[in-house]
Amino acid sequence: MPTLKLFYATNRRHIGADRWQPEGYDQKFSTDSSGNLRFGELTIDADEATITRHLAKDGGRIGIGDGEKLSGYLAKCARTAAIRAYPDPVQVDKSLDIPREQMGARGMFADVQALMKQTSDVLIYIHGFNVDWHNAVGSALALQTMLRNQPGRDPEQDVVVVLFTWPSDGKALPWVSYKSDRREAEASGEAIARAMMILLDYLRRLRGKDACQQDIHLLCHSMGNFVLQSALPWIDKVALGRNLSRIFGHVFLCAPDVDDDVLEEGRPLGKLHEMASNITVYYNRGDAALHISDYTKGNPERLGSTGPARPGLLHQKIHQVDCSPIVGGITEHSYYQCGRVNADIRMSIDGVESDASQRLRERVANYNNVWKMKPAG
């Protein structure tokens with residue numbers, strides 16, 4: 001029975017008497033504030049045969065690998081996870097004999113860095129709407145497992161997923177839970193901005209003495225893109241109007257529940273390209289979850305339903321991929337976990353060029369940054 005490990009950061013409230021070894025986290029903000037962050041790691045035991053079955057599932061047009069079902073299975077396993085939070089130097093009992101560099105964000109970054117030195121890229125993952133703690137853990141572990149087992153992956157390159165989980169209430173109640181989650185997502189922007197600033201400071205300290213050659217990437221799903229959008233003003237405030245620092249190799253915006261013009265200059269994510277070498281937007285015209293967001297919540301066209309409104313106005317780093325030809329059924333909103341879309345994400349992590357022959361996409365019209373996925377079979 002394999003043991004799976006996951007690093008996490010959260011502004012959720014811990015469950016249990018011991019904040020450093022909690023039973024889990026709930027749907028409320030940390031009692032310290034919505035911007036407070038707790039960093040930690042957890043392990044779960046899972047059945048290898050069950051994992052293998054989901055990895056080998058034939059999804060038809062979308063290809064091999066059912067990360068959606070794998071996510072559900074691992075969410076159940078997460079109910080018995082062993083959780084350890086890295087003690088915060090401000091709040092820890094002074095009697096504990098723990099070196100400061102092993103506490104909080106620095107402690108987790110140091111452990112993640114040790115894995116990066118073993119030729120592993122890092123993918124920070126921000127989940128979407130209607131996701132409780134256990135489902136957030138299940139989704140992150142499924143994403144990590146799928147990416148690590150893609151047949152065409154670079155065998156010399158590993159991927160470690162770091163989960164950022166915000167207090168989505170995990171209840172699919174029309175109007176009530178969506179509006180609640182959108183408020184929590186917006187309030188969580190400060191927390192994810194703070195995490196990025198801590199990470200940037202850590203990377204700057206390493207520069208020239210102990211830095212590895214691996215990349216850090218970012219993947220946001222659904223309303224997780226709104227969390228990112230809410231973080232940008234905080235990051236821009238710290239930058240004092242200057243260009244934002246490049247932190248990420250690749251940023252993946254999957255089924256983004258944000259406006260379709262959000263990446264254009266002057267719009268909320270208009271400076272995101274300054275933080276990454278490449279950005280890819282994955283969208284599905286038949287995404288029922290985003291149609292609900294669009295038509296019943298009074299939102300404009302969703303980026304995850306139609307793609308960018310005017311691709312010709314976007315920075316050359318930004319590419320869009322239409323997943324509609326291969327997506328359907330239960331995968332219509334979480335397709336980034338499955339088959340060919342997950343494989344395409346792994347190719348980007350491995351540095352495969354957008355127009356390489358092994359890609360599972362094809363160019364649309366005369367744009368250099370507009371693509372659509374090719375069905376399996």
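At what angle do helix α1 and helix α2 pack, and how far apart are their axes? Before the answer, a word on the source: this is a predicted model, in which local features need pLDDT of at least 70 and side-chain atom pairs count only at pLDDT 80 or more, while totals for chains, interfaces and linings use all residues. Residues are numbered from 1 along each chain as its sequence is written, and side-chain values use heavy atoms, with hydrogens and water left out.

Now the answer. Helix α1, residues 48-55, and helix α2, residues 67-77, pack at about 160°, with their axes 8 Å apart. That makes α1 roughly antiparallel to α2. The axes are lines fitted to C-alpha atoms, for helices over the stretch in contact, and angles run from 0 to 180 degrees between N-to-C directions. Angles under 35 degrees count as roughly parallel, over 145 as roughly antiparallel, 65 to 115 as roughly perpendicular and the rest as oblique. Helices (H or I, at least four residues) and strands (E, at least two) are DSSP runs, numbered from the N terminus.

On the α1 side, Thr 50, Ile 51, His 54 and Leu 55 meet Lys 69, Leu 70 and Tyr 73 of α2; contact here means heavy atoms within 4.5 Å. By class, that contact has 4 nonpolar, 2 polar and 1 charged residues. Ala, Val, Leu, Ile, Met, Phe, Trp, Tyr, Cys and Pro count as nonpolar, Asp, Glu, Lys and Arg as charged, and the others, Gly among them, as polar.

Next, the other partner of α2. Helix α4, residues 133-148, packs on α2 at about 130°, with the axes 7 Å apart. The two are therefore oblique to each other. The contact includes Leu 70, Ser 71 and Leu 74 from α2, and Gly 138, Leu 141 and Ala 142 from α4. The residues of this contact divide into 6 nonpolar, 7 polar and no charged.

Leu 74 also takes us to the cores. Of the 56 residues in the largest nonpolar core, Leu 42, Leu 74, Leu 219, Tyr 282 and Ile 345 touch the most other members. A nonpolar core is a set of buried Ala, Val, Leu, Ile, Met, Phe, Trp, Tyr and Cys residues joined through side-chain atoms within 4.5 Å. Buried means under 20% relative accessible area, exposed over 50%, and partly exposed in between, with a 1.4 Å probe and protein chains only. The largest share of this core, 9 residues, comes from α4. Apart from it lies another core, of 53 residues, with Leu 37, Val 122, Ile 247 and Leu 303 among them.

After α10 comes Gly 351, with a positive phi near 85°.

Which residues other than glycine also have a positive phi? Ser 222 has one near 55°, and Ala 255 one of about 45°. Ser 222 lies in the loop between β8 and α7 and is buried at 5% relative accessible area. Ala 255 lies in the loop between β9 and β10 and is buried at 0%.

Last, the whole chain. There are 10 helices and 13 strands, and buried residues make up 55% of the 377 residues.
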